[in-house]
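Subject: Structure handover

Hi,

Here is the structure I promised to pass on. Please have a look at it first, then read my notes below.

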Amino acid sequence: MKYFVPLHAKFKKHRIQTRMKVIKFGGTSVGSVESILSVKKIIERQTEPVIVVVSAMGGITDKLIKTSQMAVEGDALYQESFEEIVERHSEMINAIIPAGEKRNQLLIVVSELLEQLRSIYQGVYLIHDLSPKTQAAIVSYGERISSQIVATLVEGAEWYDSREFIKTEFKAGKNRLVRELTNKLVRKTFAEIQNCKSSNSKCCVVGGFISRDAESGEVTNLGRGGSDYTASIIAAALDASVLEIWTDVDGFMTADPKVIQSAYTINELSYIEAMELCNFGAKVVYPPTIYPVCIKHIPIIIKNTFNPDAPGSIIKDEVQDDARSIKGISSIKGTTLITVSGLSMVGVIGVNRRIFTCLANNGISVFMVSQASSENSTSIGVQDVDADEACHVLNEEFQKEIEDGSMFPMIAEKGLATVAIVGEKMKHTPGIAGKLFGTLGRSGISVIACAQGASETNISFVINQNFLRKALNVIHDSFFLSEYQVLNLFICGVGTVGGSLLEQIHQQQEKLMRELRLKLNVVGIASGHNAMFTREGIELENYREQLAAAPKSNIQRLHDEVIGMNIFNSVFVDCTASPEVAGLYADFLEHNINVVAANKIAASSDFDNYRKLKQTSQKRGVKFLFETNVGAGLPIIRTINDLCNSGDKILRIEAVLSGTLNYIFNTISKDIPFSETVRMAKEKGYSEPDPRIDLSGKDVIRKLVILAREAGYEISQEDVEAKLFIPQTFFDGTLEDFWKNLPSLDTEFEARRQELEKQKKVWRFVAKLENGKATVSLQEFDSNHSFYSLEGSNNIVMLTTERYREYPMLIQGYGAGASVTAAGVFADIMSIA
């Protein structure tokens, strides 16, 4: 387990800082000709004395270890691997140090070091033995050589051997710093630069990571990441003004930028926030680095060697107030959760001591602990590589209890990931944990275990590793760490409605980002023939060309791609009239994918299916919206929902819901016969591709069923009484037969129209729900009725409720057309956002 006690809070007294700084450069910073020349510029532009700590050249430490393994295994190819090490350093020296005395002297020093290394490797190869002491000696050569190179490269720099002043002792199975002795030797070694008495020591270069045992004098090291620690030790011992760590990133990020594209650099962090992020996977700084400088109140600045002008991140005592409640998110992959459980644990003192002592004695690190208040189980998080060994030693430790049944064998759950949200401001903000777990739940992410300390600066939780990317993104988005909140859209159908929707989204994207900090990211587009999907988002300027070149589409691929992307804040938008597509809704909702449907089929389908979709959306915390199923962009369904949710009851619905039929009956005249008005409605995009769906009243029946259900009535299409105004024979043949025979109705309709005109009445195809009975029929209205003056393809709905009984509520406006329907779909999308 890792603990961090904010000791800096106890040391608020003023301290005298030395006018000097410590600068550390990582392996990537000295790993190439370009980067190491950048290091030279950074050092030489300093205006105060500096101590420079350098790591081995990038990849060299791994190469040294690999070569030693080859040698101990008797693989003669270790010599080739060693020659690659020699060649790497020689090429670097020849590339950056001009020919002359300085290069020659450096080559002599480096050659001597490499010859020593060659001899060690040969000995390992011959005796087939590689002790920890020998391994430590081998890996020390990386820093010993790189520091010599940098000291020669930088004008006026002096080289110091860090083994002479960084001292360790072997304790509890590892090399630990002898702090007092080390501090004394550091101050003695750098006395002149600390007191700023010598201009000749403006720059001192030392190798990081390496050390010596205080008693035996044998070469040791501070462990992986030890160069950061070396720099921190020196800075604290000399009371430096600042510790700069130069690496290959711009600083601490709000999250892993490889997972979250919108992650950005954190300008300021407290020591505690930095420590928490480092402990949970943020590999910017080696965690032990923070403590020595923290208690001395020395700020740490993280800078990028490859982008030196970037401001970087600063770690210090007090940071500027930030409106955001969390500072960053960190994660650890490859987590195994081991559960120790048993009835004998309840109220028994010492069980946890035995667990952690057993694991510590076997060198197994625990990074998270979660215990039930009942005390009958404790869950511990370990790395996957330690899981089997941890279970084995714990089963041995509790063997007696397991045999008598008072405890159970260890249970290990693998394939997990641990996520931590970090921020000191969390302790001053109520509801953070509730918002966190609510956000995860709505995204379909189950939390397996969680832990939070009393300091409230870190909430850690364990989830299935397959959901890690989704969890990080949705947290980053929900806690406003991203520049924009993101809604990821799958658009199915690119016909009149879908095409218009995509055009509207394209036109509004920039404005929404600028004014609402909302990014609508279209990650999938599917037509009846092709489909394309990309997590990064599709450029909408030329989506039709991209779609035409995309792989073929089918229902199974559509299903698998949408669910398989497992992307956060996702919305499936159905702009088709396909029953197969509507059949996918249930699975999408089960996977916490919001559904917006212009397609009426699902909401008007079998009542059990409708109820299941509604219940699933409520259970999973996602939206199933279909406002445009009735009245295109008119807020009819939303109004009914608001009335019912506020305690009102819908008593009667009377409505003209077919923009197609209203257009037909408003357009028919002595000059335009009935058959022509039907054709015109199809050409203008008001009707379905097969106008018989409109003329049969099926479309109106579907709409009435949807409204009735949303009003709280259990009704199906079969329950609606339909009074047709066209003989059934026109619906029985093919569509071609329908168009051929339709003009035969013109004479009858014209005669009826003339009679209607004399009476100063109009036709309206009305849907009605009253006392639980639903009907659709063609009716006549005079000028005294609200339906009389309905123009074009407009819709009108009259709602009589317990509150609006004497004066019913009217909703009226455009009820058909691709652009207004697309606008209604867009409104549903925005309501989710």
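Start with a neighbouring pair. Glu515 and Arg514 form a salt bridge, with their closest N and O atoms 3.8 Å apart. By salt bridge I mean a side-chain nitrogen of Lys or Arg within 4 Å of a carboxyl oxygen of Asp or Glu. Arg514 has a relative accessible area of 56%, so it is exposed. The classes are buried (under 20% relative accessible area), exposed (over 50%) and partly exposed (in between), with a 1.4 Å probe and protein chains only.

Before you go further, two notes on the basis. This is a predicted model: local features need pLDDT of at least 70, side-chain atom pairs count only at pLDDT 80 or more, and totals for chains, interfaces and linings use all residues. Residues are numbered from 1 along each chain as its sequence is written, and side-chain values use heavy atoms, leaving out hydrogens and water.

More on salt bridges. The structure holds 37 of them. One joins Arg638 to Asp828, with the closest N and O atoms 3.1 Å apart. Arg638 sits in helix H22 (residues 636-645) and Asp828 in helix H30 (residues 818-832), so this pair ties together parts 190 residues apart in sequence. Helices here are DSSP runs (H or I, at least four residues), numbered from the N terminus. Arg638 is partly exposed at 34% relative accessible area. Asp828 is buried at 2%. Shared partners also link Arg652, Glu654, Lys768 and Glu770 into one salt-bridge network.

The side chains of Lys40 and Glu44 meet at 2.6 Å, N to O. Both residues belong to helix H1 (residues 33-44), four residues apart, which is about one turn of the helix. Lys40 has 22% relative accessibility and counts as partly exposed. Glu44, at 37%, also counts as partly exposed.

Now the interior. A nonpolar core is a set of buried Ala, Val, Leu, Ile, Met, Phe, Trp, Tyr and Cys residues joined through side-chain atoms within 4.5 Å. The largest one has 107 residues; Ile475, Phe572, Ile653, Phe674, Leu695 and Phe725 touch the most other members. Helix H26 (residues 698-710) gives the most to this core, with seven residues.

Which residues does Leu695 touch? Not counting residues up to four places away in sequence, they are Leu661, Ile664, Phe674, Val678, Phe725, Ile726, Phe731 and Phe738. Contact means heavy atoms within 4.5 Å. A second, separate core has 45 residues, including Val50, Leu64, Tyr121 and Ile149.

Best wishes

Note on methods:
Helices (H or I, at least four residues) and strands (E, at least two) are DSSP runs, numbered from the N terminus.
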